[in-house]
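Visitor: I am new to reading protein structures. Could you show me how to go through one, feature by feature?

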Amino acid sequence: MITENALVIYKNKPAIVKEKTDGKILISLQNNEQLKVRDKDIELIHPGPVNNFKQLEESLNTAQTESTAIKEAWELMSDENSVCTPLSIKEFTSLIFNDYTPASAFCAYSLLQNGLFFTGTITAIKPRPRNEVEAEEAKRNEKLRETSERTEFLELIKSLLKKPSEKLFFYDDERRKKYAHYMQDAEALAYGKSIKSRTLKDLKLSETPEDAHSLLLKTGFWTANINPYPSRFGLSPNSASICPAAPPNEERIDLCRLAAFAIDSPWSKDPDDAVSIEITEDGKTFLYVHVADPASSISFDSPQEREARNRGVTLYLPEGAARMLAEESLPLFALGLSEKSLALTFKMTIDENAEVIDTQIFPSVVKVNCISYEDADKEIANSQTPFADTLRALYNLSQRIFKRRIKQGAVNIELPDIHIEVKNGIVNVEPIITYKSDSLVKECMIAAGEGAGTWAASRGLAVPYISQEIELQEFAANTDNLEINIVNSLQLRRCMRPRILSVKPGFHQGLGLDIYLQVTSPLRRYTDLLAHMQIRAFLRGEKTLNAEEVSARIGFCEAAVAAAVQTERASINHWLMVYLSDKKESLWDAVVTENKINRMQAIIPSLALEIHISMQRNLSPNDKIQVMLKSVNISRREAVFVQTQK
């Protein structure tokens, strides 16, 4: 019979009976919560009387120190020479404490709950086997050691963060070996593989990738040369692994008679387009754009096509490229890496107004000369070299195409750009010089996109056409006479709306073209490869994908492309901060781009870096100033500059 003020168990929790009314029993738990329960829901530990848990808890703290008596009771119950009958809570309490009071019963039940030496219920308590007790003791001791070591680690890190030492925390192998596992959750958060970190939480830091990255740098667990952004955006830093087969033997038009040029930056390793020009005796002009031909051996839904689709694009990082197609595919398809190259050629007839009036597409064999923009410009300027006339003709044609597009509403944006390369941990930043031949290549590729788009549309072929809208502001209402400078280019860039990929052609306002289809980088962009596969299937008389199938592929790869763009931008900014981290107090030339209240925006052309600085005097857009680097935060990709008095 359970009476008032008895000590009972409710759902494995001790409770005190307060009163019994209407067939219900009011109990009070250790946390002072009160509940009404049924008689069958509780079990008696001691009839009492017990008024509150305070004295019971004090007795428990005393009893926990009497480990000898507890272990002796366990050994007595475990004696192999005696038959141990399970004990009730009353018998169990009396065995250990030689008494049966509310306090001793409460302590005995706590021992049962502790689970080290004893197991069972309050009506049948028995000792745990020796091997289980030893294993559990070892486990608990290890946990205590771990807790102590973790506390020691956290205190050391807190001390470091309050007063940074000359030596980083993980400066030696012994410390790294002892404490490295405590940083794994912070590392996972910095890499974007987790959204929580116990270490950052215990240090009372925000559980963000940026704070995790900062902690890893401050402790020396990471060096600045670790780039977390590919992982943070869910991308692999490695190239595709499945190599396409070599191009099949098939009929190709031999164009080796034409001088073909793959013009690119000296650091480019995957040339996938080249240009030629032919002017006939009767004055006709033919522009040839030869493009790498991986679609000759990559079929729809093949492992290579799926892998390229999943990646969307080649990921270009300062530390190296993660290619959309396997590295081994470059010798098979890249242009100019052997004496003769296999290509898919886009032959466009250009009229006197620089309009593309006809386009032919066919497999070809070409002899490609790989040259840099700088060398191409030298060829254009030197009338004595063998290729000078051809390159000058291509350049002159490109300028005619450019002027025609501008008349049709195209927008010309020219902003500083840089090339960042990381080799052996050394960051090199090089401003990208604008060459004439850069414009030559750009206009020829745009013409190929226009011609290919018209060709595909006239045949009802579903391909990823590109369109774009521009919301021109008042300053840019007449872009024909707009001066090309950094400020105007930045303002024009703000007017550009995101491009739209669709199986339906649309006006590309940025390029000033009624139709546009990118086809010149099938080694680098999946949508170009997709267009090539559709064109190739059509030329062979095979079944092409329908509009729904192409739309699905576009939608799938665009998510990967967006992640790649974010990764490239974040990685470039990361390495730029690493480059600047040892250049504090250095001076840089900048151009004011916009005035705001007490602050102004500027750009450092040699770094292609847009900055915000406090305004020291009235300045206008396009004014040149000098700024000093004051601080760099690598984990947040931030650099603080101030204006000098110059």
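**Reading the model step by step**

Guide: Start with a loop: Tyr171 sits in the one between α5 (130-162) and α6 (173-179). Keep in mind that this is a predicted model.

Visitor: Is Tyr171 buried, partly exposed or exposed?

Guide: Look at the relative accessible area. For Tyr171 the value is 46%, so this residue is partly exposed.

Visitor: How far apart are the C-alpha atoms of Tyr171 and Gly220?

Guide: Sequence and space are two separate things to check. Along the chain, Tyr171 and Gly220 are 49 residues apart.

Visitor: Now the nonpolar cores. What is the general idea?

Guide: In soluble globular proteins, nonpolar side chains tend to be buried together. Here, the largest nonpolar core has 49 residues. Those touching the most other members are Phe153, Leu576, Leu580, Trp588, Leu607, Val627 and Phe641. Helix α18 gives the most to this core, with six residues.

Visitor: Which residues is Phe153 in contact with, leaving aside neighbours within four places in sequence?

Guide: Phe169, Phe170, Tyr179, Tyr182, Met183 and Thr199. Another core lies apart from the largest one, with 40 residues. Leu287, Leu344, Ala376 and Ala448 are among them.

Visitor: Which residues of helix α11 are buried?

Guide: Helix α11 covers residues 303-311. Its buried residues are Gln304, Glu305, Glu307, Ala308, Arg309 and Arg311. Next, ask what covers them. The cover includes β13 (320-322), α17 (526-539) and α18 (547-580). Gly312 follows α11, and its phi is positive, near 80 degrees.

Visitor: How many disulfides does the structure hold?

Guide: First the idea: a disulfide is a covalent bond between the sulfur atoms of two cysteines. This structure holds zero. Take Cys256, which is in no disulfide. The nearest cysteine sulfur belongs to Cys370, 14 Å away. A disulfide would need the two sulfur atoms within 2.5 Å.

Visitor: Are Cys107 and Cys256 buried or partly exposed?

Guide: Compare each value with the 20% cut-off for buried. Cys107 has a relative accessible area of 4%, so it is buried. Cys256 is at 22%, so it counts as partly exposed.

Terms used
Residues are numbered from 1 along each chain as its sequence is written. This is a predicted model: local features need pLDDT of at least 70, side-chain atom pairs count only at pLDDT 80 or more; totals for chains, interfaces and linings use all residues. Side-chain values use heavy atoms; hydrogens and water are left out. Buried means under 20% relative accessible area, exposed over 50%, partly exposed in between (1.4 Å probe, protein chains only). Helices (H or I, at least four residues) and strands (E, at least two) are DSSP runs, numbered from the N terminus. Contact means heavy atoms within 4.5 Å. A nonpolar core is a set of buried Ala, Val, Leu, Ile, Met, Phe, Trp, Tyr and Cys residues joined through side-chain atoms within 4.5 Å.
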